[in-house]
Amino acid sequence: MKKVLIISTSLRNNSNSEILAKRFMDGATINNEVELISLKQKKINFCIGCLSCSNTHTCVIKDDTNEIVDKMEAADVIVWASPVYYYGMSGVMKTMIDRANPLYSRGYNFKEVYLLATATEDEAYTFDGIKKGIECWIDCLEGVTLKGMVFVGGVEKPKDILDNKKLEDAYLMGKNI
Ligand SMILES: Cc1cc2nc3c(=O)[nH]c(=O)nc-3n(C[C@H](O)[C@H](O)[C@H](O)COP(=O)(O)O)c2cc1C
């Protein structure tokens with residue numbers, strides 16, 4: 001049984017990427033301990049780049065990210081869910097990644113990362129940027145690999161994803177963690 005932390009980074013209601021994340025969760029919950037955290041209504045400030053965390057293993061800014069970083073540290077698997085914004089990850093997902101910088105010096109359990117993303121377009125290149133973004137984060141984390149991704153294009157408005165066949169891909173990916 002693995003400890004799975006799903007971080008949902010769309011801030012809108014009935015979010016496509018969160019629906020995708022919940023389907024992943026349905027599969028993952030069968031054999032694992034799973035928690036989904038939405039960044040909606042969380043207080044998340046930007047990283048100020050002081051790098052105090054290199055020495056103190058904690059962030060000088062006190063807001064809702066501190067508890068999330070603790071949960072990231074304890075997880076075996078981290079799953080990010082994000083809308084594509086200007087061909088990259090959502091701004092709040094990037095900020096959350098920056099604010100998780102204390103984990104470098106503190107250490108972390110997780111070895112596996114998954115990425116779930118949605119976008120209006122469905123071109124061959126639509127998800128290149130967000131994929132690159134998560135790969136760059138993982139490249140900085142020793143021993144961590146990108147285990148799987150589900151990208152769903154062609155979904156624009158909230159709930160557009162509801163009858164999409166790729167929800168099943170997310171379910172199976174979660175189930176096979
Ligand atoms: C600021 C912003 C930028 C976006 N940029 C893109 C983009 O570059 N490519 C694309 O296909 N869709 C883009 N979209 C559309 C969203 O990716 C799409 O609506 C997605 O399904 C939203 O997921 P969510 O419901 O989980 O928030 C953008 C939306 C917003 C609000």
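Start by selecting Val 79, which stands opposite Tyr 114 in β4. This is a predicted model: local features need pLDDT of at least 70, side-chain atom pairs count only at pLDDT 80 or more, and totals for chains, interfaces and linings use all residues. Residue numbers start from 1 along each chain as its sequence is written, and side-chain values use heavy atoms, with hydrogens and water left out.

**Stop 1: strand β3**

Select residues 77–83, which form strand β3. Strands here are DSSP runs of E with at least two residues, helices are runs of H or I with at least four, and both are numbered from the N terminus. Is β3 enclosed or open? Seven of its seven residues are buried, so the rest of the structure largely encloses β3. Buried means under 20% relative accessible area, exposed means over 50%, and partly exposed lies in between (1.4 Å probe, protein chains only).

Now color the two faces. Val 77, Val 79, Ala 81 and Pro 83 are buried on one side of β3. Ile 78, Trp 80 and Ser 82 are buried on the other. In a regular strand, side chains alternate between the two faces of the sheet.

**Stop 2: the partners of β3**

β3 and β4 run parallel and are joined by seven bridges. Two strands pair if DSSP finds at least two bridges between them. At Pro 83, look across to Thr 118 in β4.

Find Ile 7, which stands opposite Trp 80 in β3. Five of the six residues of β1 are buried, so β1 too is largely enclosed.

Ile 7 also stands opposite Ile 37 in β2. Strand β2 covers residues 33–38 and pairs with β1 in the parallel sense over six bridges.

**Stop 3**

Return to β4. Seven of its seven residues are buried, so this strand is largely enclosed by the rest of the structure. Glu 112, Tyr 114, Leu 116 and Thr 118 point one way. Val 113, Leu 115 and Ala 117 point the other way.

Next, show strand β5, residues 145–152. Seven bridges link β4 and β5 in the parallel sense. Thr 118 stands opposite Val 152 in β5.

**Stop 4: the helices**

Select helix α1, residues 16–28, and pick out Phe 24. Phe 24 is buried, with a relative accessible area of 0%. What does Phe 24 touch, beyond residues up to four places away in sequence? Its contacts (heavy atoms within 4.5 Å) include Ile 6, Val 79, Tyr 114, Leu 116 and Ile 177.

Move to helix α4, residues 91–99. Val 92, Met 93, Thr 95, Met 96, Ile 97 and Arg 99 are buried there. Their cover includes α3, β3, α5 (102–106), β4 and α6.

In α3 (residues 65–74), select Asn 66. At 19% relative accessibility, Asn 66 counts as buried. Leaving out residues up to four places away in sequence, Asn 66 touches Cys 59, Ile 61 and Arg 99.

**Stop 5**

Select Thr 126, in the loop between β4 (112–118) and α6 (128–139). Thr 126 is buried, with a relative accessible area of 1%. The side chain of Thr 126 reaches the backbone nitrogen of Glu 123 at 2.8 Å. That is a polar contact: a pair of N or O atoms within 3.5 Å; within protein, one must be able to donate a hydrogen and the other to accept it, and residues adjacent in sequence count only if both atoms are side-chain atoms. Not counting residues up to four places away in sequence, Thr 126 touches Val 84, Tyr 87, Ala 119 and Glu 121.

**Stop 6: the ligand**

Finish at the ligand. How many residues surround it? There are 17, and the closest are Ser 10, Ser 15, Ser 17, Val 84 and Val 155. A residue is near if one of its heavy atoms lies within 4 Å. By class, this shell holds seven nonpolar, seven polar and three charged residues. Ala, Val, Leu, Ile, Met, Phe, Trp, Tyr, Cys and Pro count as nonpolar, Asp, Glu, Lys and Arg as charged, and the others, Gly among them, as polar.

A polar side-chain atom of Ser 10 lies 2.6 Å from a ligand oxygen. A polar backbone atom of Val 155 is 2.8 Å from an oxygen atom of the ligand. For a polar backbone atom of Tyr 87 and a ligand oxygen, the distance is 3.0 Å. Taken alone, the ligand exposes 640 Å², and the protein buries 80% of that. Accessible areas come from the Shrake-Rupley method with a 1.4 Å probe; for residues, only the protein chains shown count as cover.
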